[in-house]
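Hi everyone, thanks for making time.

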Amino acid sequence: MSQHKRPITATLLYGTASIVLYILLLQNSDLFVEWAQKTKEQKSLFLIPVAVAFVFSYFHGAFTSHFWESMGLRAAKSGDKKK
Amino acid sequence: MENSLFIDLNLYNTLALFVVGFIGGMVSGFIGSGGAFVLTPAMMTLGVPGIVAVASNICHKFPKSLVGAMKRHKYGQVDVKLGIIMGIFAELGVIHGKHVMTDIKTEYGDVGTSLYVSVVFVIVLAVVGSFVLRDAVRMFRQEKTGGMEAPHEVTKLARWVQSIHIPGTMMYFDSLKARVSVLFIVPLGFATGMLAATIAVGGFVGVPAMIYVLGAPALMASATELVIAFVMGVGGTILYSLDGVVDIRLAMIILAGSLFGIQIGAIGTTYVRDSVVKFVMGLIMVIVLFSRFFYIPGYLSKLGLIAPMEKYTIDTLNLLGDGTLMVALTTGGVTIIVSLIKGMAAHRLAQKA
């Protein structure tokens, strides 16, 4: 594992972005509940949860991937597995 | 909160959802599905109404599956074409499955649906779970005597399926290394969706179907299931979101934990053999099966089929059932971590040698 470069900068960048997104989500919690309540009258609001899920999966997904790589957890190289 | 559908979040329920999400994510990354059967009851225990729990669970499932599928695609384990085709028919299965549930509810009430879910649980998990587990044990024995990985064996059924040529419906699939008629994939996708709508874990049918009916290796089947879950999840989220019942806060909190988990599960697959994936899947299915035995007396009592039981007894049995589900998930999680640690250690040794 040690011969690999650990992606510390990427982990910090995506980690910060992820934390900011979660803070925004929880701080505006009431607004999201309000939008969900209004969806029956204003159908286009259904897109909000879908869009939020995609945005979070991009930033938090990249963060968690880099995080475990920084911790030294990497996949076996193709062809090296199943020893 | 003005609307009773959406609970107030506190540190306790946030942490609880994060942890369950993490373990569920790990199992999903490894066997293609899992976690949902614990997350829905866990949310309901925290006071989330059933419909919101199901909707929020689905909403966390599709981004989780997307991240997992992309990760495993990097390792060359995903058959995107098979996943998308099965996913589309699974979506139809979900819609039909929801109708069946609604009809049963109208006719027999909540207890009727619970009993129906339990019967499906018992039949599917007993038949498929014991079959998968037996196959994993057979492969382990073969590996022990042979000293090397048991080769992927295409079952007789899959060989027959691959041998049938129906003009105009044939398609080549990378995972099968063969052409198969889409007409065989339609019922498998549909059944996966039906099961997802009934017990929330379509993968318990989808993955074994891809292995034993179509002839895909377990590693590829479990990775492809993530594509199916993504397609089903997007459709399900849109449907529930139109009704305004998705609690995006709950979904994203579960996602926070499950994305940490899914990375570990996906990485774990690169260090293990097909037999380990089958073993973890079979083991979880069999333990989940036992959880049903704790719920059934309560349903039978409510339906008047056995002598009435006290509420306290029913609640205790339900708690034992929920606990057993958690044991299933944790056992899967621990097995994955142990396999990963062992695999990484063996990999390091092999690199040094």
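**Where the two chains meet**

Let's begin at the contact, which takes 33 residues from chain A and 35 residues from chain B; two residues are in contact if their C-beta atoms, placed from the backbone, lie within 7 Å. On the chain A side, the elements giving two or more residues are helix 1 (8–27), helix 2 (29–38) and helix 3 (47–70). Helix 3 of chain A gives the most, with 12 residues. By class, that side of chain A has 17 nonpolar, 9 polar and 7 charged residues. Nonpolar here covers Ala, Val, Leu, Ile, Met, Phe, Trp, Tyr, Cys and Pro, charged covers Asp, Glu, Lys and Arg, and the others, Gly among them, are polar.

Quick housekeeping. This is a predicted model, where local features need pLDDT of at least 70 and side-chain atom pairs count only at pLDDT 80 or more, while totals for chains, interfaces and linings use all residues. Residues are numbered from 1 along each chain as its sequence is written, and chains are lettered from A and ligands numbered from 1 in the order in which they are written.

Now, chain A itself. It has 3 helices and 0 strands; those are DSSP runs numbered from the N terminus, H or I with at least four residues for helices, E with at least two for strands. Of its 83 residues, 29% are buried. Buried means 20 or more other C-beta atoms within 10 Å of a residue's own, exposed means 12 or fewer, and partly exposed is in between, with C-beta atoms placed from the backbone.

Over to chain B. There we have 11 helices and 2 strands, and from the N terminus on the order is α-α-α-α-α-β-β-α-α-α-α-α-α. Buried residues make up 54% of the 353 in chain B. Its C-alpha atoms fill a box of roughly 60 × 50 × 40 Å along the principal axes. Among contacts in chain B with a separation of 6 or more, 81% join residues 24 or more positions apart.

Let me pick out one helix. How enclosed is helix 6 of chain B? Well, 13 of its 18 residues are buried, so helix 6 is largely enclosed by the rest of the structure.

Next, a pair. Helix 8 (residues 218–242) and helix 10 (residues 274–302) of chain B pack at about 55°, with their axes 8 Å apart. Axes are lines fitted to C-alpha atoms, for helices over the stretch in contact, and angles run from 0 to 180 degrees between N-to-C directions. Helix 8 and helix 10 of chain B are therefore oblique to each other: under 35 degrees is roughly parallel, over 145 roughly antiparallel, 65 to 115 roughly perpendicular, and the rest oblique. B:Ala218, B:Leu219 and B:Ser222 in helix 8 meet B:Asp274, B:Val277 and B:Lys278 in helix 10. That contact has 3 nonpolar, 1 polar and 2 charged residues.

Last stop: B:Val245, in the loop between helix 8 and helix 9 (248–269) of chain B. Is B:Val245 buried or exposed? B:Val245 is buried, with 22 other C-beta atoms within 10 Å. Leaving out residues up to four places away in sequence, B:Val245 touches B:Leu5, B:Ile51, B:Val52, B:Ala55 and B:Tyr240. By contrast, B:Gly261 is 16 residues along the chain from B:Val245, and their C-alpha atoms are separated by 26 Å.
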